[in-house]
Amino acid sequence: MSVRLSSDDLDQILALQFSVAWAGESGGQPPRLGWWQSDLIDAESGGDLFARLLPRTHEWAGLSLARRCAVRVDAAGRANLRAADGALTLFHLGFEVDEQLCDRVAERRRHRRPSSDLLRHGLALGYAWSSDAFAQHLRALGTPPVEVTTTGRRLNLKAKKLSPLEAARQLAAALLPLPNQYPLPYLEA
């Protein structure tokens with residue numbers, strides 16, 4: 001069965017992914033969560049380099065690469081799951097959805113749409129870092145039933161009953177409480 005998401009749903013998922021990718025970076029002043037070793041978005045670091053190298057698409061370059069760092073850490077954690085191929089995470093919502101997300105980023109970059117367009121979806125970056133404010137942003141997504149396992153945080157929800165957008169919201173909400181390492185919230189499909 002093919003899943004085709006609306007542009008609005010894709011933008012909402014990307015807003016969540018970009019927010020978590022930014023929050024998970026190790027750089028910045030004050031330092032953020034440090035779940036992946038990057039500092040690619042902030043204007044004082046990687047964002048400055050991208051602005052000089054790619055003046056028209058620098059925002060998307062930093063966001064895309066920070067998201068890519070998150071995808072890699074997420075994939076490494078997912079590899080330890082019993083049914084890794086069938087598991088859904090915030091950065092792995094299934095091949096069809098992931099492809100649509102990549103296409104949507106490419107479309108936005110191609111048309112030079114500002115990343116600030118995503119702010120209407122609750123994007124949490126671009127502000128001074130506060131773990132309390134980020135946690136509040138995640139709390140607004142709900143409180144999914146979570147079981148902490150040796151490999152991550154398994155959501156006790158039926159993946160098939162959730163839309164990709166709702167799955168992304170629940171997976172992002174399951175990042176709470178914010179630990180020192182990426183907690184790998186996941187749904188078993």
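Colleague: How many aromatic pairs does the structure hold?

Modeller: There are 6 aromatic pairs. Keep in mind that this is a predicted model. One of the pairs is W22 with W129. Their ring centres are 5.6 Å apart and the planes make 75 degrees, an edge-to-face arrangement.

Colleague: Where do W22 and W129 lie?

Modeller: W22 is in helix 1. W129 is in the loop between helix 4 and helix 5 (131-139). The two parts are 107 residues apart in sequence, so the pair ties them together.

Colleague: Are W22 and W129 buried or exposed?

Modeller: Both W22 and W129 are buried. For W129 the relative accessible area is 13%. The cut-off for buried is under 20%, so W129 falls inside it.

Colleague: What about the rings of W129 and F134?

Modeller: Those rings pair too, with centres 5.6 Å apart. Their planes sit at 45 degrees, so this pair is tilted. F134 is buried as well, at 2% relative accessibility.

Colleague: Which residues form an aromatic cluster?

Modeller: W35, W36, F91 and Y182 form one.

Colleague: Switching to L33. Where is its place?

Modeller: L33 sits in the loop between helix 1 and helix 2 (46-53).

Colleague: Loop residue, then. Is L33 buried or exposed?

Modeller: L33 counts as buried, because its relative accessibility is 16% and the cut-off is under 20%.

Colleague: What does L33 touch, leaving out residues up to four places away in sequence?

Modeller: Its contacts are A23, G24, E25, W129, F134, L178 and N180.

Colleague: Now the helices. At what angle do helix 1 and helix 4 pack?

Modeller: About 90 degrees, with the axes 10 Å apart. That makes helix 1 roughly perpendicular to helix 4. Helix 1 covers residues 7-23, and helix 4 covers residues 95-110.

Colleague: Which residues make the contact?

Modeller: From helix 1, S7, L10, D11, I13, L14, Q17 and F18. From helix 4, Q100, L101, R104, V105 and R108.

Colleague: What is that contact like by class?

Modeller: The contact of helix 1 with helix 4 has 6 nonpolar residues, 3 polar ones and 3 charged ones.

Colleague: I also marked S64. Which helix is S64 in?

Modeller: S64 lies in helix 3, residues 58-78. Its relative accessibility is 18%, so S64 counts as buried.

Colleague: What is S64 in contact with, leaving aside neighbours within four places in sequence?

Modeller: F18, V105 and R109. F18 and V105 also take part in the contact of helix 1 with helix 4.

Colleague: Zooming out, how many helices and strands does the protein chain have?

Modeller: It has 6 helices and 4 strands. From the N terminus on, they run α-α-α-β-α-α-β-β-α-β.

Colleague: How much of the protein chain is buried?

Modeller: 49% of its 189 residues.

Colleague: And the accessible surface?

Modeller: About 9,800 Å² for the protein chain. Carbon and sulfur atoms account for 51% of that.

Colleague: Last one. What share of contacts joins residues at least 24 apart?

Modeller: 65%, among contacts between residues at least 6 apart in sequence.

Conventions. Residues are numbered from 1 along each chain as its sequence is written. This is a predicted model: local features need pLDDT of at least 70, side-chain atom pairs count only at pLDDT 80 or more; totals for chains, interfaces and linings use all residues. Side-chain values use heavy atoms; hydrogens and water are left out. Axes are lines fitted to C-alpha atoms, for helices over the stretch in contact, and angles run from 0 to 180 degrees between N-to-C directions. Angles under 35 degrees count as roughly parallel, over 145 as roughly antiparallel, 65 to 115 as roughly perpendicular and the rest as oblique. Contact means heavy atoms within 4.5 Å. Ala, Val, Leu, Ile, Met, Phe, Trp, Tyr, Cys and Pro count as nonpolar, Asp, Glu, Lys and Arg as charged, and the others, Gly among them, as polar. Buried means under 20% relative accessible area, exposed over 50%, partly exposed in between (1.4 Å probe, protein chains only). Accessible areas come from the Shrake-Rupley method with a 1.4 Å probe; for residues, only the protein chains shown count as cover. Rings of Phe, Tyr and Trp (its six-membered ring) pair if their centres lie within 6.5 Å; planes under 30 degrees apart count as stacked, over 60 as edge-to-face and the rest as tilted.
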